[in-house]
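Please open the model in your viewer with the sequence panel beside it, and keep a selection tool at hand. The tour below moves from stop to stop, saying at each one what to select and what is there.

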Amino acid sequence: MKPEDTANLIASISAGISLLSGGFAFWAFRSSHKTAREQTALQAKLTAIEKERRGEEVEARRHAQVTASIPGVRNGPGQLVLTNEGPAVARSVTVAISSADEAKPPAVFGLERLPVDLR
């Protein structure tokens, strides 16, 4: 082989390697750009979910959750206990006692202390 042919061969191989390197760099750039767009979209979704969850938490803090129970009663008179299990104060809580059928409802004492606020 002549020296010019050897130089041309080396130049051709160098140009091929440069072309492959440029193609790889372009592919890497496109891939990272796509990944960045996907991450941005995912972050926007997560932000929206977090904002909605915080809104639900704020809304839940505005509500009381009052329950009535009669703990430990098997037979005879019991004590009606009102409990607020919500984060907000239950204001002006009252109790109304009625019977499911036409019978006389049970006697409840202490209702004169109502309405009350439950924390």
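In which helix do phenylalanine 24 and tryptophan 27 both lie, and how many residues apart are they? Select both: they lie in helix H1 (residues 3-61), three residues apart, which is about one turn of the helix.

Before going further, note that this is a predicted model, in which local features need pLDDT of at least 70 and side-chain atom pairs count only at pLDDT 80 or more, while totals for chains, interfaces and linings use all residues. Residues are numbered from 1 along each chain as its sequence is written, and side-chain values use heavy atoms, with hydrogens and water left out.

**The whole chain**

Zoom out and colour by secondary structure, where helices (H or I, at least four residues) and strands (E, at least two) are DSSP runs numbered from the N terminus. The protein has one helix and four strands, and along the sequence they follow the pattern α-β-β-β-β. The radius of gyration, taken over C-alpha atoms, is 38 Å, well over the 14 Å that the globule rule gives for 119 residues, so the protein is more spread out than a compact globule; that rule is 2.2 Å times the number of residues to the power 0.38. Turning the model along its principal axes, you will find that the C-alpha trace spans about 120 × 30 × 25 Å.

Of the 119 residues, 6% count as buried, where buried means under 20% relative accessible area, exposed means over 50%, and partly exposed lies in between (1.4 Å probe, protein chains only). Among contacts (heavy atoms within 4.5 Å) between residues at least 6 apart in sequence, 39% join residues at least 24 apart.

**Along helix H1**

Return to phenylalanine 24 and tryptophan 27, and display their side chains, both of which are exposed. Rings of Phe, Tyr and Trp (its six-membered ring) pair if their centres lie within 6.5 Å, with planes under 30 degrees apart counted as stacked, over 60 as edge-to-face and the rest as tilted. By this rule the count comes to one aromatic pair. The ring centres of phenylalanine 24 and tryptophan 27 are 5.7 Å apart and their planes stand at 35°, so the pair is tilted.

Next select leucine 20, which is also placed in helix H1 and counts as exposed at 66% relative accessibility. A distance drawn from its C-alpha atom to that of glutamine 39, 19 residues away along the chain, gives 28 Å.

**Among the strands**

Move on to alanine 68 in strand S1 (residues 66-69), an exposed residue with a relative accessible area of 55%. Leaving aside residues up to four places away in sequence, alanine 68 touches Leu80, Val81 and Leu82. The C-alpha atoms of alanine 68 and leucine 82 are 4.6 Å apart in space, although the two residues are 14 apart in sequence.

In strand S3 (residues 90-93), select serine 92, and check its backbone, where phi is positive at about 55° although the residue is not a glycine. Serine 92 is exposed, with a relative accessible area of 52%.

Follow the chain into the loop between S3 and strand S4 (116-118), where glutamate 112 is found; at 66% relative accessibility, glutamate 112 counts as exposed. Its C-alpha atom lies 24 Å from that of alanine 88, a residue 24 places away in sequence.

**Last stop: leucine 118**

Not counting residues up to four places away in sequence, leucine 118 touches Val66, Leu82, Thr83, Asn84, Ala88, Val89, Ala90 and Val93. To end, draw a line from leucine 118 back to alanine 25, 93 residues away along the chain: their C-alpha atoms are separated by 67 Å.
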